[in-house]
Amino acid sequence: MSKISLTRYLVEQQRVDGHIPSQLRLLIEVVARACKRISHAVNKGALGDVLGTAGSENVQGEVQKKLDIIANEVLIEANEWGGHLAAMASEEMDGIYLVPNRYPQGEYLLLFDPLDGSSNIDVNVSIGTIFSVLKKPEDHAGVSEQDFLQCGNRQVAAGYCVYGPQTTLVLTVGDGVAMFTLDREQGSFFLTQENVRIPEDTREFAINMSNVRHWDAPVKRYIDECLAGKEGPRGKDFNMRWVASMVADVHRILTRGGIFMYPWDKREPDKPGKLRLMYEANPMGWLIEQAGGAATDARQRILDIQPQKLHERVSVVLGSKNEVERVTRYHTEASK
Ligand code: AHG
Ligand code: MN
Ligand code: MN
């Protein structure tokens, strides 16, 4: 059987199932094209002079790497002229980016983490791009930051591209999760897995263990029980994996199950967590749910959180359903 390209997959989604309007199809294709360009830049590494820091900071006070900025520019340039977008928002930009007047305005809003896993760029470990698509509210003209502040359950498309040994684009438009692998000779993404499912149980957890002394009691309880292994209350041994690129950790979970946690901790008690709600937790949370997993902030479903600001942070617990429910239950029990 001939391979199914991303383009064909999207056309069929549009035609047969009526899942996606043509403008959304165009948007996803443009994002995929941008990811292809980012993938090439990532691959060149030192040869392309893309490693190291850029000497600037983003709105969250993080040092920007050259690739953070390159990836951000690639995504903007690719998306601004197509007429499918009203505005964009990114981890690397303080405010929203309006589509310039010289181009037609579309009805979609695109949010992205252009380069996730920045600390892994220079050490040649998997990194990625995360994106989330919303519809601009129809009740008014123009577009403002307020229009972006929609719950994750309003997303119309979400996905990520992981730049690892293979470049893989993972996508949902609300009809399950599909994976596409980049064929470098042909320059296209081809469907390599459909109907991705996450096992409900797992023996593998992902958390930055160096923060153990800063954790809240329920997180400590859960991990202690995993570490106690066969002899402990869980009655089974657990394995640990932590890539420190959310895309790579989520990709592993979509592939073979597991639980990923970046919980609130005492290092920065006033912040709900490290990860960002609108362009990290929401798209990943939806993908995980679409594959039969669960995603909470340790108390409630991530997709039901009403964002208050663009760069809002959130505590994240996602992956195999039964484990996520357990961690969430430990938190609700503790607060009673
Ligand atoms: P980003 O590079 O976009 O700032 O995101 C990095 C995030 C996420 O990808 C990862 O899970 C986490 O930060 C890693 O945190 P540690 O440095 O605590 O390992
Ligand atoms: Mn990130
Ligand atoms: Mn980033």
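How are the donor residues of the manganese ion (ligand 3) spaced in sequence? They follow the pattern E-x21-D-x1-L. The close-ups below come from a predicted model, in which local features need pLDDT of at least 70, side-chain atom pairs count only at pLDDT 80 or more, and totals for chains, interfaces and linings use all residues. Residues are numbered from 1 along each chain as its sequence is written, chains are lettered from A and ligands numbered from 1 in the order in which they are written, and side-chain values use heavy atoms, with hydrogens and water left out.

**View 1. E91, D113 and L115 hold the manganese ion (ligand 3).** These protein donors lie 2.2 to 2.3 Å from the ion. Donors are N, O and S atoms within 2.8 Å of the metal (3.2 Å for Na, K and Ca); water is not among the atoms, so sites may look incomplete. E91 gives OE, D113 gives OD and L115 gives O. D113 is buried, at 0% relative accessible area. L115 is buried too, at 1%. Buried means under 20% relative accessible area, exposed over 50%, and partly exposed in between (1.4 Å probe, protein chains only).

**View 2. D113, D116 and E280 hold the manganese ion (ligand 2).** The donors here lie 1.9 to 2.1 Å from the ion. Their sequence spacing is D-x2-D-x163-E. D116 sits in strand β5 (residues 108–116) and E280 in helix α7 (residues 277–290), so the pair ties together parts that are 164 residues apart in sequence. Helices (H or I, at least four residues) and strands (E, at least two) are DSSP runs, numbered from the N terminus. Both D116 and E280 are buried.

**View 3. D113 coordinates both manganese ions, ligand 2 and ligand 3.** The two ions are 3.7 Å apart.

**View 4. Ligand 1 is surrounded by 18 residues.** The closest are D116, S118, N208, M246 and Y262. Here a residue counts if one of its heavy atoms lies within 4 Å of the ligand. A polar side-chain atom of N208 is 2.8 Å from an oxygen atom of ligand 1. M246 uses a backbone N or O atom, also 2.8 Å from a ligand oxygen. For Y262, a side-chain N or O atom lies 2.5 Å from an oxygen of ligand 1.

**View 5. D147 is buried yet has no salt bridge.** A salt bridge is a side-chain nitrogen of Lys or Arg within 4 Å of a carboxyl oxygen of Asp or Glu. The nearest side chain of opposite charge, K136, is 4.9 Å away. D147 belongs to helix α4 (residues 145–148).

Methods:
Lys and Arg count as positive and Asp and Glu as negative; His and the chain ends are not counted. A polar contact is a pair of N or O atoms within 3.5 Å; within protein, one must be able to donate a hydrogen and the other to accept it, and residues adjacent in sequence count only if both atoms are side-chain atoms.
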